[in-house]
Amino acid sequence: MSSLLPADGSRLLIGGKLVEGADGVFATVNPATEEVLGLAADANAADLDAAVAAARTAFDETDWSRDHAFRAHCLEQLRTALQAHVEDLREITIAEAGAPRMLTAGPQLEGPVADLGYAAGLAGTYDWETDLGVAEPMGIKTRRLLRREPIGVVGAITPWNFPHQINFAKLGPALAAGNTVVLKPAPDTPWCAAAVGAVIAEETDIPAGVVNIVTSADHTLGARLTADPRVDMISFTGSTATGRAVMTGAATTLKKAFLELGGKSAFIVLDDADIAAACSVAAFSVCVHAGQGCALSTRLLVPRAAYDQAVQAAAATLGGIRPGDPTDPRTVCGPLISERQRARVERYVDIARAEGGRIVVGGGRPTRHERGFFVEPTLIADVPNSSTVAREEIFGPVLVIIPHDGDEDAVRIANDSPYGLSGSVWGTDPERIRRVTERVRTGTLGVNGGIWYSADVPFGGYKQSGLGREMGIAGFEEYLETKVIATAV
């Protein structure tokens, strides 16, 4: 498959060395064909212990945390090396994650690799110290200095849907800030992480133990990493349910937890918008990477008077998108990651029917694919915002359409959710749009197709969509501690 991976499988990266997994290997599967791609190193608790020990030693006993210029050099070096291997990485990502080829030119690969340059820049230019001036607290003349320092050992636990984007969104700022990292990627996409480990070990000056990558079929290793007292911070992206477990585990040692969790974002169409165009965009968006994105807007809120028109427009777009081979440059909607995930999506479609919903288009498996974990793009209508499919994250190409009775009602429905990750607003009156965006409680919003995703823009959610921010200065500072030094003068 790739020159980055040995013929007999991938390797763990522990203490600067590429090593076998103590539990042997496990299979990684192509979700578009259901065929076994090959073998990944299967780590156990002893491997994880060794990785944490290596990260702890590298942080405590080397100059990595203090040498800002060297960190900037290493991150630029890593970016350059990954770009030299981009075609190998592209094929791995398409095969293992089921990522459509077209997305690998953007957020599935090339974009996140390029964004390592942003992290490198922060390592070299960030203002690590701030002079707070002289004051006389308690009558003692004192100069105060605020210093920002790395937290220490970061445990990064990542999902399978956008493996490179999320891995690098954690590795980049964590390393730039001076931390060491133990990365535990999802079992569904071990090769995507292992290939990066091979580049780090063989083509960069990143010191041994600074980055450790532990692939495993054992889901309990994430819990062990979270509770380990040698780990100073957990950075987790995944479901809200698992995020709660991460918080519980982190609480045992009161370590910091960054959580980027689920979403059920609303796509609000105001009555002065081009209804058909807006609904078409919403329908297309929910099919990108088969709907496997936490920030996708999966509730389409439309004016009640235009409900039938909106249903027709969304259905036409969804019905025209065929799930296809992710190797085809024209494919937008590829397979779901696994049979387990497909069964989850199908269960939600069944729930929608049972709760009185109308499956306007889709709802089944495409007949043109005999193998692969494909589902049809699906539109669910005639359900209230209180329905299961309008409240719970489905993580598939499924759009729920709900009528609203004006701007106030649209905001009420959008906010009537346990989540608050992202969303969209479409209209023509700037003042109305401003009032709506001020009241929708989400971490990001796109207006009339505006794209917020960028390395310098913080991403994260309100409510049960998480804690903290990833990317941007705010995301970089998640990985820093604040120290104040007061010197009598």
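So, cavities: this structure holds four of them at 30 Å³ or more. By cavity I mean a set of points, on a 1 Å grid over the protein atoms alone, where a 1.4 Å probe fits but cannot get out, and a lining residue has an atom within 4 Å of a point. Grid points are joined across faces, edges and corners, and a volume is the space filled by probe spheres set on the points.

Please keep in mind that this is a predicted model, where local features need pLDDT of at least 70, side-chain atom pairs count only at pLDDT 80 or more, and totals for chains, interfaces and linings use all residues. Residues are numbered from 1 along each chain as its sequence is written, and side-chain values use heavy atoms, with hydrogens and water left out.

The largest cavity has a volume of about 160 Å³. Its lining is made of 16 residues, and those nearest the centre are Asp115, Phe168, Ala169, Pro173 and Met471. Helices here are DSSP runs of H or I with at least four residues, strands are runs of E with at least two, and both are numbered from the N terminus. By residue type, the lining of the largest cavity has twelve nonpolar, three polar and one charged. For that count, Ala, Val, Leu, Ile, Met, Phe, Trp, Tyr, Cys and Pro are nonpolar, Asp, Glu, Lys and Arg are charged, and the others, Gly among them, are polar.

On to the second largest cavity, with about 70 Å³ of space. It is lined by 14 residues, and Ser265, Arg299, Ala414, Ser422 and Thr442 are the closest to its centre. Two or more lining residues come from each of β12 (265-269) and β17 (419-420). This lining divides into five nonpolar, six polar and three charged residues.

An unreviewed UniProt entry places the feature "active site" at Glu260; UniProt positions are in the numbering used here, feature names are shortened, and annotations may be inferred rather than shown by experiment. Glu260 sits in strand β11 (residues 256-260). Is Glu260 buried or exposed? It counts as buried because its relative accessibility is 2%; buried means under 20% relative accessible area, exposed over 50%, and partly exposed in between, with a 1.4 Å probe and protein chains only. Not counting residues up to four places away in sequence, Glu260 touches Phe236, Thr237, Gly238, Cys294, Leu421, Phe459 and Ser465, where contact means heavy atoms within 4.5 Å.

His404 belongs to strand β16 (residues 398-404) and is also buried, at 3% relative accessibility. Its side chain reaches the backbone nitrogen of Gly406 at 3.1 Å. Leaving aside neighbours within four places in sequence, the contacts of His404 include Val269, Leu301, Arg304 and Asp409.

Last, a look at the backbone. Most residues other than glycine have a negative phi. Which residues have a positive phi of about 50 degrees without being glycine? His289 is one of them, and Lys463 is another. His289 lies in the loop between α10 (275-285) and β13 (297-303), and at 1% relative accessibility it counts as buried. Lys463 lies in strand β20 (residues 462-463), and at 36% it counts as partly exposed.

Note on methods: 1 Å grid on protein atoms, 1.4 Å probe; cavity = no way out; pocket = protein on both sides within 12 Å on 5 of 7 lines; lining within 4 Å. Polar contact = N/O pair within 3.5 Å; in protein donor to acceptor, adjacent residues only side chain to side chain.
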